[in-house]
Amino acid sequence: MALPLGSEASTLGAEAEVRHQGASWPQYLGRKAGGAAISLAMVVLLGFFAFRMLPGDPVRSLSTGRQVSAEQLELLRRQYGLDQPLPAQFWRYLTDLLQGDLGLSYTFNRPVGSLILERLGPTLLLTGSAAVISLLLGLWLGQRAAWRRGSAFDRGQTGLALVFWSVPTFWVGLLLLLIFGGGLRWFPTGGMVTAGSDDTGFGYLFDVARHLVLPLVTMVAVVYAQYLMVMRASLIEEMSSDYLTTARAKGLREAEVRRKHAVPNALLPTVTLVFLTLGGLIGGAVTVETVFSWPGLGYLTFTALSTPDLPLLQGTFVVFSGIVILMNFCAELAYRVLDPRLRTG
Amino acid sequence: MAARPMIGQHSPNRAALRFTRRFAAVLLGVGLASAPLALAAPLAIAADTPNNLKIAMTGDIDSLNPFTAITASASKVLALQYQNLVAFGPEDNTPVPGMADKWETSPDGKVWTFNLPEGRKWSDGEPITANDAAWTFNAIKANDALKTANGTLLESVAGVVAKDPQTLVITLTAAQAPNPGTQLPILPEHIWSKVSDPATFANDKDSVGSGPFTVGSYDKSAGVTMKANPNYWQGKAKVDGVIWVPYKTGDAAVQALKTGEVDIVSRLTPAQYEALKGEAGITTNAGMGTRYVGLGINPGTKTQSGELMGDTNPALQDLNVRKAIVMAVDNKTLLEKVLQGLGQPGTGEVPAAYPDYALPAQGLGLSFDPAAANKLLDENGYAKGPDGIRLDKTGKPLQLRLLGRSTDATAQQMADYIKPWLKDIGIELTVSMKANLQVNDDLGAANYDLAFTGWGMAPDPDYQLSINQCSALPTQSDGTGGVSENGLCLPEFDALYKQQHVELDQQKRSALVQQAQKLIYDAAVNNVIYYPNMLEAYRSDRFGGFVTQPAQNGVISEQNGPWGIYSATPVDSAGATAGFNWAWLVIPAVVVVLALAGFFWFRSRRSSVDDRA
């Protein structure tokens, strides 16, 4: 039923892949890496031109409400290179990028690369742990629900997951913040560490963990449904297979039939989805990071959009897209490793 | 139940039982694990040094380098760290001694001489001299990369010299009344002259300043930690330090004030302000704001060469139509209903918080009067069509657009009132709320009829008036090359601007500034609706004694100067418990959780064995 688009597409991809079965690892790798490289090149091109179609003059919005003269605005335009014709700006962007230079942010007056790097950690911590937990939770609940399709457990869990999936992230986050932050005061209301604290070692870790709880719960609540649904759907498909009857006939307990035979096969289409959503999760963190004042990449992108801070936008776009492309690449590899049919002719 | 497959049927009860058991285990585990967190949260607050004032900071810090920092948050931090030669006083926003204790102006108004008193020191103990000021001015003049934040301030400065360690002489290109020492933060030469590239110097660790607090450290997640400067010339602050706590949304900051994670929150919405009013230990303050909110009416903006810009309705070039629109809008109702009365009624662009220059309400002439507005339009040949909408001079119905920012909640509310009011005078209004950037573009290129506008004003009105001169109009038809506020070009306004710019007598200058504002008012290009109060709230159970600016009905945290934060006084030191040791809570909790986990694991193992048997 509610299979997310991505997983269907990649299941199709896997079928097409069967035609290439038997290709050697280097050939396979080369083809996939080539594809990824082409995608990345497209991203680089798109990143430059797409953001220049945005409304808004960076110089004007950066000087909004400040006492600036027309001369000052001209000076800023020159400093940002915005007085140059578009092809010249593009050439500079390309040559800088080839040297690993993502440019200088208009807003922060600092290299985009270092701005992204210092926010990558918090974002990976949040999205990484959210991914692991929602994955475990989703897959576990999904296979349980499928095994007892139609039961109260199935309907309850599926319904609950879909409810969480449908409500706006912002709303869930704010609600949790109001109840567990401002109301019960169990958890801090925002940030990654207590402001002004100079804890180190264990104290620091504990402080971060305390701050992580609410954003993590919010993120898990809104994303685990997709893992649950995919796992449930693919396990239901497997449940009619003959090999399960065989397994049962061997005298295996029901739990073992599920764990050792049905689930491993049902996991296959799920793997692709997992990698795809991992890439998307980082971009999806924008709202959660905003609600809980998490100092990550999502919020940085949001800030960049409001200027628009073109170098910063280009940088985050390339990085986000790069992660998605990399994850797709990993999915292709993982698929080949997991599914022996793709290796043996 | 009919849909249940055969497969799982023979052991549903056992499975359900096992699930319930595991679920209970997980719940218990999570509960136990979070118990110490729950206990620790309030304790964590008590464990902090009570003498640090924690301020919620909802904007971004772009940089703490005063040459390049432009965001409001960064400016507020830096305003505590660096002094200007001359400050704006807490009493009434007029110039008072800052780094200089006295100054004088040459009779022609071109040469300003500042005296920096002997014996004052930077936070690191080095003496403050005129050389520091001269270095700061000249560094900006000499290097375009340092002009980002304050370059505009120096466009009228011809030269700056330190005559001796105590005397600074600023020579201007032309006479001016606004004090040239009021807005530029002065930096310590002995630190900055040794920096290889002042434009990229982060300046975010153990900074040296002359203000009441200096930055100890900055981290984008832990915020800005500032220490009280023992050498501040008015005396060390009563709090040990200030911590700026970053929040991305105002709602989160309000929650943090309730939990005590921060001590003061500003820029509240009226709803947040009302909600905080009854809270124990919290005091709210609605101080006079320094910002106006207005309804801009595009008079047909032209470039400097006289080319008409944008797609404005030509009917608005008629002064009588603009006047009728101003008279049709009931500013008092908007203040009462939209702002819930939390503001002052608007007159001219200078807010009531700056009484020296604010335009008095008497005799303004365009106050709310729909009958007079209708009469004016009738008399000038805008006859009503059959549907009640007036026709313009070409026979087309008078239809106008109103532009607002989708991020501004009050804009849509005001539009809901204004639309029927304009209908009452026979003008059809289409409201469109757009994204910030699109609004900026539309305003810049004059692609609007009516638009909500607003400006935060500095204590000296010179700049605001200057951007209403003909010379502020754009040079290009796309809006570049200009900074015009209202698209206005009146020779008599330009004359008044120049007069007030050089008038050294305060009373005479005030009168000229008011006359200039009256010209903008009479041109009906900007109907100033109100000056919203700055809404803030603080933990009065922890801090008090705040000095407001102005003294009557003033603000604490959004001042022109450091006074509010500097005056913070701890209420008592009851919360000063000894440092709390996390280990006492966490280690037992971890042990309990591990023990429980082991227990349930063992149980589930045993039940598996039972199953197998």
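Reply: A residue is called buried under 20% relative accessible area, exposed over 50% and partly exposed in between, with a 1.4 Å probe and protein chains only. By that rule, 51% of the 345 residues of chain A count as buried. The model is predicted, so local features need pLDDT of at least 70 and side-chain atom pairs count only at pLDDT 80 or more, while totals for chains, interfaces and linings use all residues. Residues are numbered from 1 along each chain as its sequence is written, chains are lettered from A in the order in which they are written, and side-chain values use heavy atoms, leaving out hydrogens and water.

The UniProt annotation "transmembrane region", from an unreviewed entry, covers residues 33-54, 120-141, 162-188, 208-230, 266-292 and 312-335 of chain A; such annotations may be inferred rather than shown by experiment. Among these spans, residues 33-54 of chain A are 91% helix and 0% strand, with end C-alpha atoms 32 Å apart. Residues 312-335 of chain A are 100% helix and 0% strand, and their end C-alpha atoms lie 34 Å apart. Helices (H or I, at least four residues) and strands (E, at least two) are DSSP runs, numbered from the N terminus.

These spans belong to a chain with 13 helices and zero strands. The C-alpha atoms of chain A fill a box of roughly 85 × 55 × 40 Å along the principal axes. Where a contact means heavy atoms within 4.5 Å, residues 24 or more positions apart account for 76% of the contacts in chain A with a separation of 6 or more.
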